[in-house]
Amino acid sequence: MMVNPLIGRIPSDSAGFSVLMEEILNNRFACDIVISSDMTTASVTATINKAEAEPVTLHKIDSILADHKGDADLLKGGLPYIRQHI
């Protein structure tokens, strides 16, 4: 199955954020599935392929999360993170 990204770019102003929030809330495949209807909780799912070593991919994901975390609490999981932890 192929899925288009939910967010193509992150807006730089409040008007852009309002439009993005409305688009997400009106997306029946996203609202209350990957992001809560009150916009306080979100889930990001990724598939890691063999093009790069798993630790390299996880480092890239962690770098992006660190750069854009803000005040959010982040929880990461899945087999790649379990293997990294072990």
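**Close-up 1. Thr57 within helix H2.** In this predicted model, the residue Thr57 is found in helix H2, a helix that runs through residues 54-67. Thr57 counts as buried because its relative accessible area is 17%, and the limit for that class is under 20%. When residues up to four places away in sequence are not counted, Thr57 touches Ile48 and Glu52.

**Close-up 2. The largest pocket and its lining.** The space in the largest pocket amounts to about 2,400 Å³, and 43 residues line this pocket. Among the lining residues, Ile7, Ala42, Ser43, Val44 and Thr45 are those that lie nearest the centre of the pocket. By residue class, the lining divides into 29 nonpolar, 11 polar and 3 charged residues.

Close-up 3. Three helices, namely H1 (14-25), H2 (54-67) and H3 (79-85), each supply at least two residues of the lining of the largest pocket. Helix H2 gives the most to this lining, with 5 residues, and H2 is also the helix in which Thr57 is found.

**Close-up 4. Asp32 in the loop between H1 and H2.** The place of Asp32 is in the loop that lies between helices H1 and H2. Asp32 is classed as exposed because its relative accessible area is 54%, where the class requires a value over 50%. Although Asp32 is not a glycine, this residue has a positive phi of about 65°. From C-alpha to C-alpha, Asp32 and Ala42 are 8.8 Å apart in space, while in sequence they are 10 residues apart; Ala42 is one of the residues that lie nearest the centre of the largest pocket.

**Close-up 5. Met39 in the loop between H1 and H2.** The loop between H1 and H2 is also the place of Met39. This residue has a positive phi of about 60°, although Met39 is not a glycine. With a relative accessible area of 25%, Met39 is partly exposed, since that class covers the values between the limit for buried residues, under 20%, and the limit for exposed residues, over 50%.

**Close-up 6. Gly77 in the loop between H2 and H3.** Gly77 has its place in the loop between helices H2 and H3, and its relative accessible area of 53% makes Gly77 an exposed residue. Gly77 and Leu65 are 12 residues apart in sequence, and their C-alpha atoms are 13 Å apart in space.

Terms used:
Residues numbered from 1 in each chain as written. Predicted model: local features only at pLDDT ≥ 70, side-chain atom pairs only at ≥ 80, totals over all residues. Heavy atoms only, no water. 1 Å grid on protein atoms, 1.4 Å probe; cavity = no way out; pocket = protein on both sides within 12 Å on 5 of 7 lines; lining within 4 Å. Points joined across faces, edges and corners; volume = space filled by probe spheres on them. Helix = DSSP H or I, 4+ residues; strand = E, 2+ residues; numbered from the N terminus. Nonpolar A, V, L, I, M, F, W, Y, C, P; charged D, E, K, R; others polar. Buried < 20%, exposed > 50% of the residue type's maximum accessible area, 1.4 Å probe, protein only. Contact = heavy atoms within 4.5 Å.
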